[in-house]
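Subject: Structure handover

Hello,

Here is the structure I promised to pass on. Please open it beside this note. My findings follow below.

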Amino acid sequence: MIIAIPLLAAFLTPLIGRISGKARNTFVITSLAFVGFLVIILARDIFLNGLHVYTLGATEPIPAGYMVPIRIMLEVDSLSIFMGIITATISLIAVIYSFSFMKGETGHNRFYTLLLLLVAGMFGMEFTGDMFNLFVFLEIASISGAALVAFRIRFADSPEGGFKYIVISAISALMVLFAIGLFYAQYNLLNIGALAQAMQYTMLDKMALAILIAAFAIKLGTVPMHMWLPDTYSVAPASITAMLLVASQASMYALFRICFTLYGVTLNLATVGWIVIVLGLLSMFIGVTMAIRQTDLKRLIAYNCVCESGFILLGLGVGLAVLGNPGALATYGTMAISGGIFHMINHALFEGLLFLVAGAIFYRIGTRNLNEMGGLGHLMKFTSILFLLGALASSGIPPFNGFASKILIYESVYQFNPILAIIGILVSILTLAVFMKAFFSAFTGPVLPKYKAVREVPKSMMIGMATLAVIIVLFGLFPGLVREWLTDPAANALINQGAYIEGIMGVVP
Amino acid sequence: MTGNIPFNIPFVAVAALISIAMYIIISQRNLIKIVMGISILAAGINLFLITLGYREGGVAPIYTHAPQGIMVLPVPQALTLTSIVIAVATLALMLSLVISIYRHTGSIDSEESRKMKG
């Protein structure tokens, strides 16, 4: 249902758009709000009753007479639904924001159609219980994503960013398909749960794992393959950048689903865990150092994104490295995973906010270059406060949500290896420096004469940004509640491989 | 498949196609050639999937009026069909983006058009 509604709505949108623009806007937002509502109901149910399995076209997961599941199915556990909540929130906010932001553009019908397709693709990736479906939804999300990046085709750099995105996505998706082929060759299975049960960890499995990690690492822009990310993020419309952020998090989800659920304890944990940790560290460090020398505001934030996803990888990598060791897992492994997952939602929230603010500035003054800005704080008070809020949250300053998740990561990582935690704190401080530079050059100082006429942004953009800001502050004030209700169940779901397999295969006789 | 050399030829072809494609994507500067590289990569992987499902002497997996004997596996063929459809969509979008890059910059050389390095 959750996937079907955006998909259907996507194809209905152009039809309704023919009647009137207003009807279309209402339609888009109603369908997304309805989806969000469904996600929350499902989430409540999952936290109370455990994971859900949907089989498309039948009622039983395994038809009579077969030993293996042959139907396509969706499997939703607390981690999937957690990602679903992120997707629903950010997409709703992005749509509200787009109403004003895209006013100057043409082709609204197509814009919202693509946007809904992107939402459907992301939900599909998060909820699927089948490797091949994962590939299909990954492609849906990347094609619509690339089209959206290149949407403002009158700028010279938009199609280039879009082209980079589609090339990268196509390569990584084909790599995923190749790995799926390797699995199928060995086990004749495509279902994640069934595959996890059959997993032998042979040489071919190791190859498949390497290919999958490389593919998803490309897609989420960790450091050796991060070149596309700033180019793409900086040219996309701001609301779309926030959506792309969630799309790369969906890839991150897929990566962890594969590492934890598909391979689980059969994996050579320490090695793979360290690979993930090293990827994370490189991303953190190079991301933040590259961010310092940027003069383009959105590029700066994009490099910061690279850095923040490094933190998430660090947390989950530590968790992965100690997965086979119950004692270490209980003392700090779970906490590291929980911190990483918590940072995921925080990442989506504050980077989303920062991108939306950068978009608001671009909307008013038409440049992303920090050197040409100045004194905007006097003209756009509300926007500048929001920027400051996002920047502080991102660098982990106490009252905001970034602090809550980063402290979890530091504490647990420190017990694993103190040096990692120290690097983490150093990177955080550098992040603060980056944003202070951006803030001072954009918002403070005297009002530049050419921006005298700049006003505050329109209402719908303001609503979008303010909602994000409120969520950020709430998460920062009540981290305990968030952990209890959202991230700890998600972390446990990730660790508990058996439950996921059982959901598909039934209790093994 | 041990010792059965003709059966391995498709796998050799797959390896060749994939390595050619990767080489093209990494080394070429012409955007159209990069697009072609990706298309070759897709072809290689589709061939890989089809080869996986092949059983020697098998017949097409259609149940009505099927002759006796082994069938080739139907699932990889379904996967390949889906992946071909997806590859077409990707290809169309990539080519249209190349056209619009060409309109803006007058060139399809990636070194010239990439203004946004670093």
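First, the ground rules. This is a predicted model, in which local features need pLDDT of at least 70, side-chain atom pairs count only at pLDDT 80 or more, and totals for chains, interfaces and linings use all residues. Residues are numbered from 1 along each chain as its sequence is written, while chains are lettered from A and ligands numbered from 1 in the order in which they are written.

**Confidence**

The predictor gives the complex an ipTM of 0.80 and a pTM of 0.81. Per residue, the score is pLDDT (the predictor's confidence in each residue, from 0 to 100). Chain A has a mean pLDDT of 75, with 78% of its residues at 70 or more. Within chain A, helix α1 (residues 4–19) is lowest, at a mean of 60. Helix α5 (residues 131–149) of chain A is highest, at 84. Residues 63–67 of chain A have a pLDDT below 50, and beyond near neighbours in sequence this stretch has 2 contacts in the model. A contact here means that the C-beta atoms of two residues, placed from the backbone, lie within 7 Å.

Chain B also averages 75, and 68% of its residues score at least 70. Its helix α4 (residues 110–113) has the lowest mean pLDDT among the elements of chain B, 58. Helix α2 (residues 31–53) of chain B has the highest, 85. Residues 1–5 of chain B have a pLDDT below 50; this stretch has 2 contacts beyond near neighbours in sequence. Where pLDDT is low, the predicted coordinates should not be read in detail.

**Chain A**

Chain A has 20 helices and 2 strands. These are DSSP runs, numbered from the N terminus: helices are H or I with at least four residues, strands are E with at least two. Of its 509 residues, 61% count as buried. The cut-offs count other C-beta atoms, placed from the backbone, within 10 Å of a residue's own: buried is 20 or more, exposed is 12 or fewer, and partly exposed is in between. Among contacts in chain A between residues at least 6 apart in sequence, 81% join residues at least 24 apart.

Back to α6(A), residues 157–187. Its 31 residues should span 45 Å, and its end C-alpha atoms are 45 Å apart, which agrees. The expected span is 1.5 Å times one less than the number of residues. Of those 31 residues, 27 are buried, so the helix is largely enclosed by the rest of the structure.

**Domains of chain A**

The domain assignment gives domain 1 (1–263) and domain 2 (268–477). Such bounds come from an automatic or database assignment. The contact between them takes 31 residues from domain 1 and 37 residues from domain 2. On the domain 1 side, α3 (78–101), α8 (203–220), α9 (228–235) and α10 (238–263) of chain A each supply at least two residues. α10(A) gives the most, with 11 residues. That side divides into 23 nonpolar, 8 polar and no charged residues. Nonpolar covers Ala, Val, Leu, Ile, Met, Phe, Trp, Tyr, Cys and Pro; charged covers Asp, Glu, Lys and Arg; the others, Gly among them, are polar.

Chain B has 4 helices and 0 strands. Of its 118 residues, 25% count as buried.

The contact between the chains takes 29 residues from chain B and 25 residues from chain A. On the chain B side, α2 and α3 (74–105) of chain B each give two or more residues. α3(B) gives the most, with 15 residues. The chain B side divides into 20 nonpolar, 7 polar and 2 charged residues.

Leu81(B) lies in α3 of chain B. With 12 C-beta neighbours inside 10 Å, Leu81(B) counts as exposed. Leu81(B) and Gly106(B) are 25 residues apart in sequence and 36 Å apart in space, C-alpha to C-alpha.

Best wishes
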